[in-house]
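This report is meant for a reader who is meeting the structure for the first time. Please look at the sequence and the model below before reading on.

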2 protein chains.
Amino acid sequence: MVKSLTNRSPVTLSDVARAAGVSLATASRSLNGSAKRVNDELRERVLETARQLNYTPNLSAQAVAKGASSTVALLVSDVADPYFSSIAAGVMRAAEARGLIVTMAATGRSSDRELALVRVLRGQRPRVIILAGSRYSGSDSKQDLVAELRAYEETGGTVVMVSQHELPFSTVLLDNRTGARDLARTLVDQGYRRFGAITGARGLITSDDRISGFAEGLAERGLTLNLERVVEAEFSRNGGYEGARELLARGIDDVELVFAVSDIMAIGAMSALRDAAVAVPDALAVAGYDDIPTARDVTPALTTMHIALDAVGEAAIDLAFAGSADAADASGGTDAAASDAGAAHTDAAERGTGGADTANSDGEQGQIVRIGADVVIRESTPKR
Amino acid sequence: MVKSLTNRSPVTLSDVARAAGVSLATASRSLNGSAKRVNDELRERVLETARQLNYTPNLSAQAVAKGASSTVALLVSDVADPYFSSIAAGVMRAAEARGLIVTMAATGRSSDRELALVRVLRGQRPRVIILAGSRYSGSDSKQDLVAELRAYEETGGTVVMVSQHELPFSTVLLDNRTGARDLARTLVDQGYRRFGAITGARGLITSDDRISGFAEGLAERGLTLNLERVVEAEFSRNGGYEGARELLARGIDDVELVFAVSDIMAIGAMSALRDAAVAVPDALAVAGYDDIPTARDVTPALTTMHIALDAVGEAAIDLAFAGSADAADASGGTDAAASDAGAAHTDAAERGTGGADTANSDGEQGQIVRIGADVVIRESTPKR
DNA sequence: CTGTTAGCGCTTTCAG
DNA sequence: CTGAAAGCGCTAACAG
């Protein structure tokens with residue numbers, strides 16, 4: 001049926017060794033050997049033949065042999081969500097700087113799928129597993145997840161959580177509560193007094209933190225969030241859209257500004273308002289959270305909390321290697337002395353408001369890096 | 001320094017075998033053996049002990065042993081770009097249905113980086129390599145890329161290209177030229193006569209195809225695209241923004257509608273117009289291409305060409321396995337007879353306008369699947 | 001059906 | 001500095 005199955009096997013290290021007239025060991029050392037433990041001339045010969053044969057090291061074999069792979073596993077809720085894809089971009093950049101390959105999977109916000117995926121990904125024996133999706137607080141399978149992750153760490157891996165620090169692992173902390181509080185205060189200072197909100201499902205920690213932080217911020221200014229003006233919806237663009245419709249149905253005469261707990265929901269909400277001919281911000285102002293790229297491109301531009309999303313991704317992998325002085329270099333053959341731990345891209349942590357913050361003194365709980373958030377006022381909440 | 005390095009090694013298959021009191025082979029067969037080639041009782045015992053020990057198969061070892069991994073490598077230009085992240089979502093969904101893990105990397109539209117990444121990823125010996133980023137036509141390193149990819153295919157892998165069929169591999173064809181032609185005709189039929197455009201860098205095939213298709217469409221209606229009203233910019237949101245500014249600087253009195261070759265550019269352009277107080281669509285209408293999710297959320301909503309982006313991703317992996325009746329099942333131990341090739345998610349190809357289309361009769365050029373595009377008129381180009 | 005025994009491609013002691 | 005040899009964890013003939 002097919003032409004003639006040209007499937008010949010890949011070039012192996014021994015092919016190279018033979019062609020170069022050296023032993024397997026020498027070939028291996030020349031191609032990888034951290035230090036230059038091989039005669040320059042020989043090494044050159046090996047490198048050259050490898051090039052000619054278009055040799056590609058079999059990463060799996062390397063992983064098996066040295067008992068450690070060169071991959072990083074990243075779990076997100078949804079790749080197509082700009083929040084996650086921005087973080088992913090940062091992770092990929094930082095990983096590549098360290099010569100690591102990243103493997104991604106999407107949980108669709110299901111705890112079961114998340115657990116299943118962690119199991120599968122563990123099979124790769126990744127150096128790091130990054131869990132970027134927010135969790136539910138009343139988590140049923142939380143126990144299992146922690147057990148699985150613990151087991152993984154005991155085999156030498158590192159897990160890094162992004163967002164809340166409610167699991168005993170290193171985490172890149174996005175202090176949503178504080179951020180939302182800042183936002184609320186700023187908004188009050190701008191003149192707003194009566195608020196509504198659109199949140200994700202109850203129990204989704206990110207959403208809960210943001211809404212309660214927001215309420216706290218209002219409280220600090222002597223205001224309260226009218227719970228009848230808080231609607232719960234799916235944590236997505238469509239959820240935001242539906243949430244806004246629901247709010248409209250309930251009546252918003254007494255609401256000046258709606259806070260959606262994420263930009264993506266806020267943007268959905270704005271579309272709903274537009275479709276319902278409710279002028280933003282004149283009839284109703286809107287604010288979001290995250291500062292995803294499109295926040296600037298909707299009309300009116302969205303007031304939100306800025307988080308350096310790609311810095312988050314970089315911070316996650318930097319955190320994973322904090323202290324382990326790892327610095328695999330994928331690009332050339334430069335012998336630049338590997339400087340201290342987390343050399344590349346340490347700017348990640350700095351870029352945020354808070355700096356690296358060795359919280360629980362290592363050990364059981366892992367370390368914490370805070371990435372701050374800043375209020376960004378745009379046209380969706382004009383000064384009044 | 002650290003507590004006490006609990007780094008004990010992972011549970012291995014032989015640990016399980018020993019604990020269950022069976023041979024390595026039996027354990028292996030119980031845990032994976034396609035057919036049930038093991039006594040039920042024994043198998044149960046193995047499965048049970050595996051569970052108790054929390055055993056996770058070492059994918060790398062499996063890969064080395066069977067000479068084939070269970071990964072799919074996906075190369076995109078930029079994960080944070082909604083066009084690519086939507087495709088990625090589709091790839092991940094389809095891959096998972098087949099029990100495959102996906103590995104991602106971003107080229108940043110650099111041919112050199114693309115080549116380098118293909119080399120690195122080949123190290124994983126992935127079953128499939130999907131190249132989703134658009135290429136440049138005058139490609140310098142094209143030769144090398146093709147050589148590398150060819151070599152990869154000769155070792156049994158499959159490469160799938162997404163977008164243009166200008167490299168001799170299977171491809172999910174997005175017929176940009178035809179789509180843009182349709183769009184142009186429709187716009188003319190709506191009453192528009194004088195057009196401007198914002199394109200990506202010359203030579204970027206996707207961009208070139210769309211702009212020439214658009215010009216063709218106009219030509220079919222007896223109109224021509226005024227080249228002085230075509231500006232070239234970076235293929236990104238900011239490029240669109242700058243492109244629009246440039247257009248404004250050149251003067252747009254004689255332009256009724258600007259076609260940006262991608263939604264992301266169109267959205268950047270709309271922001272520029274908003275900032276410059278040019279009313280859309282009254283002073284200037286805008287149209288894009290791709291129908292990314294946010295196209296609906298900008299104001300006015302963007303007229304564009306709809307491509308089922310996640311179907312594209314699914315089609316890519318379906319195409320990779322077309323005819324090879326692969327159907328690894330990651331989830332349970334169900335023994336549902338693996339139906340024909342590409343069983344899961346064959347809807348992908350169907351969803352598009354064109355169906356699966358075994359073009360070059362297999363072999364040298366690979367197969368082709370077309371995914372169609374449909375005009376979606378929204379408020380940014382009202383009827384006139 | 002089950003166990004033995006070779007490898008898979010690579011790294012890494014351990015001798016020379 | 002270099003080579004021989006022993007694995008890494010798992011699969012796949014090959015015998016029983």
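This is a predicted model: local features need pLDDT of at least 70, side-chain atom pairs count only at pLDDT 80 or more; totals for chains, interfaces and linings use all residues.

## Reading the model

By residue type, the surface near DNA strand D divides into 14 nonpolar, 11 polar and two charged residues.

DNA strand C is surrounded by 28 residues, of which Thr12(A), Leu13(A), Ala65(A), Ala25(B) and Asn39(B) are the closest. For the surface near DNA strand C, at least two residues each are supplied by α1 (13-20), α2 (24-31) and α4 of chain A, and also by α2 (24-31) and α4 (59-66) of chain B; the largest share, five residues, comes from α4(A). This surface holds 14 nonpolar, 11 polar and three charged residues.

## How the two chains meet

Between the two protein chains, 57 residues of chain A are in contact with 57 residues of chain B. On the side of chain A that touches chain B, the elements giving two or more residues are α4 (59-66), α5 (82-97), β2 (101-106), α6 (111-122), α7 (142-154) and α11 (263-275) of chain A, and the residues of that side divide into 26 nonpolar, 19 polar and 12 charged.

## The relation between the copies

How is chain A laid on chain B? A turn of 180° with a shift of 0.0 Å along the axis brings chain A onto chain B with an RMSD of 0.1 Å, and the two copies are thus related as by a two-fold rotation axis. Because 100% of the interface residues of chain A are also interface residues in chain B, the copies meet through the same surface.

## Inside chain A

The secondary structure of chain A comprises 13 helices and 13 strands. Of its 384 residues, 52% count as buried, and among the contacts in chain A with a separation of 6 or more, 73% are made by residues 24 or more positions apart.

One part of chain A is an open sheet of four strands, ordered β7-β6-β8-β9 and paired in parallel. Its edge strands, each pairing on one side only, are β7 (230-232) and β9 (285-287) of chain A, and the twist from one strand to the next averages 20°. Helix α9 (residues 205-220) of chain A packs on this sheet, where it touches β6 (195-199) and β8 of chain A, and the direction of α9 makes about 170° with that of β6(A). Strand β8 (residues 257-260) of chain A runs parallel to β9(A) and is joined to β9(A) by three bridges, and Val258(A) stands opposite Val286(A) in β9(A).

Methods. Residues are numbered from 1 along each chain as its sequence is written. Chains are lettered from A and ligands numbered from 1 in the order in which they are written. Two residues are in contact if their C-beta atoms, placed from the backbone, lie within 7 Å. Ala, Val, Leu, Ile, Met, Phe, Trp, Tyr, Cys and Pro count as nonpolar, Asp, Glu, Lys and Arg as charged, and the others, Gly among them, as polar. A residue is near a molecule or strand if its C-beta atom, placed from the backbone, lies within 6 Å of it. Two strands pair if DSSP finds at least two bridges between them. Axes are lines fitted to C-alpha atoms, for helices over the stretch in contact, and angles run from 0 to 180 degrees between N-to-C directions. Copies are superposed by least squares on the C-alpha atoms of residues with pLDDT of at least 70 in both. A residue is buried if 20 or more other C-beta atoms lie within 10 Å of its own, exposed if 12 or fewer, and partly exposed in between; C-beta atoms are placed from the backbone.
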